[in-house]
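Welcome! Have the sequence and the 3D view ready, and let us walk through them together.

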Amino acid sequence: MIQDVKEKYAVGGDIVSWCTKCKLMLDHTIVALVDDLPKKAKCKTCNGNHNYRDQEPKAKPPGGTRKTKKTDFETHMSRLEEDYDFSKAKKYSMKGNFKKEQIIEHSDFGIGFILNVVESKKVEILFKDGPKLLVQNR
Ligand SMILES: [Zn+2]
């Protein structure tokens, strides 16, 4: 049956909604309407009542301390991106001699930003995964 008429919702009617418990798009029964649109729905699978969602919610960014480090990294990078050519980043090597605020490229960790020269043979480098202590002047 093909109808071009705008669908009319009714309490007790069927609707496909995102179930916040099952984490799936499933058949629901409309529980409440607001302005003729579904507001609350009851999942036919788990019988849970929740707000009606017409699509899968977007994944939330991961939280925790990792996020802070990553933000630090991104802040540094976005500040540098405007006037720095990353293709010119110096390759990291244990034999290298690095300076504070230099950009380097590590074969495993990727682009890094020298936070500090801790001592003549140690540098603290901020990578995407967080800061790491690496050797230099070996
Ligand atoms: Zn459910």
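Along the chain, the donors of the zinc ion are spaced as C-x2-C-x20-C-x2-C. Donors here are N, O and S atoms within 2.8 Å of the metal (3.2 Å for Na, K and Ca), and water is not among the atoms, so sites may look incomplete. Strands (E, at least two residues) are DSSP runs, numbered from the N terminus.

Which atoms hold the zinc ion? It is coordinated by the SG atoms of C19, C22, C43 and C46, at 2.2 to 2.4 Å. The 4 donor atoms subtend angles of 103 to 120°, so the arrangement is tetrahedral (four donors count as such if all angles lie between 85 and 135 degrees).

## How the model is described

This is a predicted model, in which local features need pLDDT of at least 70 and side-chain atom pairs count only at pLDDT 80 or more, while totals for chains, interfaces and linings use all residues. Residues are numbered from 1 along each chain as its sequence is written, and side-chain values use heavy atoms, with hydrogens and water left out.

## Buried or partly exposed?

Buried means under 20% relative accessible area, exposed over 50%, and partly exposed in between (1.4 Å probe, protein chains only). C19 counts as buried because its relative accessibility is 0%, and C43 is buried too, with a relative accessible area of 1%. C22, at 25%, counts as partly exposed, and so does C46, at 31%.

## Strands and hairpins

Now look at strand β8 (residues 122-127), which pairs in the antiparallel sense with strand β7 (residues 110-119) over 5 bridges. Two strands pair if DSSP finds at least two bridges between them. A hairpin joins β7 to β8 through 2 residues, and F113 stands opposite L126 in β8.

β8 also pairs in the antiparallel sense with strand β9 (residues 130-135), over 6 bridges. Here K122 stands opposite V135 in β9.

## The nonpolar core

The largest nonpolar core has 8 residues: Y92, F98, I104, I114, V123, I125, F127 and L134. Such a core is a set of buried Ala, Val, Leu, Ile, Met, Phe, Trp, Tyr and Cys residues joined through side-chain atoms within 4.5 Å. Its largest share, 3 residues, comes from β8. A second, separate core of 7 residues includes F73, L80, A89 and I103.

Conventions:
Four donors count as tetrahedral if all angles lie between 85 and 135 degrees; four count as square planar and six as octahedral if opposite donors are over 155 degrees apart and all others between 65 and 115; anything else is irregular. Helices (H or I, at least four residues) and strands (E, at least two) are DSSP runs, numbered from the N terminus.
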